Amino acid sequence: MSEHPGPDPLFVRKIAHRALSTVLPAVTADTYANLLAALPNAAIALFDNNLRLVLFRGRALAEVGLQPDMLEGRLLGEVLPARAMSILERLCQRALKGKSKWLMLGCWSRIYEIHLTPLSARSTPFGMAVWLDVTQRELTRQVLEQQRNALDETQAHARKLAGRLLTVQDTERRRIARDLHDDIGQRLIGLASELAHLKRGRPPAAPDWAALVGGLADQARQLCRDLRTITHELHPAVLEYFALPAAVASLCESFSEQTALQIELTVDEAAAAIAPKGAACLYRVLQEGLRNIVRHAGVANAQVRLQRDPDYVTLTISDNGCGFKPGARKRNRGLGIVSMQERIKLLGGRFRLQSSAATGTEIVASVPGLKRES
Ligand SMILES: Nc1ncnc2c1ncn2[C@@H]1O[C@H](COP(=O)(O)OP(=O)(O)OP(=O)(O)O)[C@@H](O)[C@H]1O
Ligand SMILES: [Mg+2]
């Protein structure tokens, strides 16, 4: 199927020309004046050599209480504030000399777009100013621009975070691989070779058979514990078997054992009514919160509280340590606090962190709990 060729441009021009030549002569000065008076934010001003307004039509200045009849006959300098006049005067003079120009003018807390054009009637030069009140348009544009900038900033921040997260993930994987290979792997090899010796018979130099076997059993048990710590870090399996209150208690206990941090724990059993995702999220927040206390707070005590209110399950982790300036965190390349916040945000929860040298640090993280059956 061939495409429709469209109207002949010559034909269109002829029609338009005929329409204009019929209509234009009928448009009188009054029609223009009525048209301008009807436009809410526009006006036309004619000014003479002295910058006197010889004509002003339209309601561009109505917002600031200046009606056309208050303006006609007055000098521009009498109407406009000195600062606005100093900007406009030079361009009006240039319009009188034949140069068109437009500008944006801030005046009386509003924003105007003014187009200046030369006009001459019976060889007397005049200037014409098309005056538009664009305050609303400009304010909307500014708001949109601010929102776009904020969005760009958020996206750049998210990209940066994603990049850092990948690096941290790689580092973490390398650390776990090293732990498994260099530590657990080597110890298993050692244990296996000692067991192989035993299989060949009792070593002649062995002082005490029971102590020897007992020592190997201790090694195997320690290996199990260390392996559990590593897998625990990777995936909190405890949450698959226990509810959140028990998992929190178990984590605090093993943390205390490993780091000597004394944790004062208060747990509300009703906090068990939480979806698995919420429980995993608060568990991760607790891991990071405790890790931060050990690494940064410089204290040997911490408080952990798990509560339940009608809508939320709330975890509070606090210490009386050295504190820090949360606002200055941007300079820090740590990811712990950001990921706590992100985790909570993803679940529609609330996160609050307060810290100062005087009070230490407190993190309050809440996620929606499961609705109770009434
Ligand atoms: N309980 C705390 N007491 C004192 N300072 C803290 C505490 N928690 C966090 N900070 C400060 O806030 C910074 C940011 O913590 P964040 O957990 O985000 O990163 P990080 O611990 O340095 O690194 P990582 O990415 O390994 O968690 C820390 O470097 C530390 O200066
Ligand atoms: Mg941290």
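These are my notebook entries on a predicted model, taken in the order I looked things up.

**Entry 1**

I began with strand E1, residues 42-47, and asked which strands it pairs with. One partner is strand E5, residues 124-133: the two run antiparallel and are joined by six bridges. I checked one pair and found Ala42 bridged to Leu132 in E5. E1 also pairs with strand E2, residues 53-58, again in the antiparallel sense, over five bridges. Here I noted Ala43 standing opposite Gly58 of E2. Then I looked at the turn of this hairpin. Five residues lie between E1 and E2, and Leu51 has a positive phi near 60 degrees.

**Entry 1: two helices side by side**

Next I went to helix H6 (residues 135-200) and helix H7 (residues 209-234). Their axes come within 11 Å and cross at roughly 165 degrees. Angles over 145 degrees count as roughly antiparallel, so that is how I put H6 and H7 down. The crossing of H6 past H7 is left-handed.

Which residues of H6 meet H7? I listed several, including Ile176, Ile184, Leu188, Leu191 and Leu195. On the H7 side, the residues they meet include Leu216, Leu223, Leu227 and Ile230. Sorted by class, this contact has 10 nonpolar, four charged and one polar residue.

**Entry 2: the five-stranded sheet**

I then traced an open sheet of five strands, and wrote down its order as E6-E7-E8-E10-E9, with mixed pairing. Strand E6 (262-267) and strand E9 (350-356) are the edges, each pairing on one side only. From one strand to the next the twist averages 10 degrees.

Inside the sheet I looked at strand E7 (residues 301-308) and strand E8 (residues 312-319), which run antiparallel with six bridges between them. Arg305 has Thr316 in E8 as its bridge partner.

Which helices lie on this sheet? Helix H9 (residues 244-259) packs on it, touching E6 and E7, and its direction makes about 175 degrees with that of E6. H11 lies across E9 and strand E10 (360-368), at about 155 degrees to E9.

Definitions and conventions
Residues are numbered from 1 along each chain as its sequence is written. Chains are lettered from A and ligands numbered from 1 in the order in which they are written. This is a predicted model: local features need pLDDT of at least 70, side-chain atom pairs count only at pLDDT 80 or more; totals for chains, interfaces and linings use all residues. Two strands pair if DSSP finds at least two bridges between them. Helices (H or I, at least four residues) and strands (E, at least two) are DSSP runs, numbered from the N terminus. Axes are lines fitted to C-alpha atoms, for helices over the stretch in contact, and angles run from 0 to 180 degrees between N-to-C directions. Angles under 35 degrees count as roughly parallel, over 145 as roughly antiparallel, 65 to 115 as roughly perpendicular and the rest as oblique. A crossing is left-handed if the near helix is turned anticlockwise from the far one by less than a right angle, and right-handed if clockwise. Two residues are in contact if their C-beta atoms, placed from the backbone, lie within 7 Å. Ala, Val, Leu, Ile, Met, Phe, Trp, Tyr, Cys and Pro count as nonpolar, Asp, Glu, Lys and Arg as charged, and the others, Gly among them, as polar.
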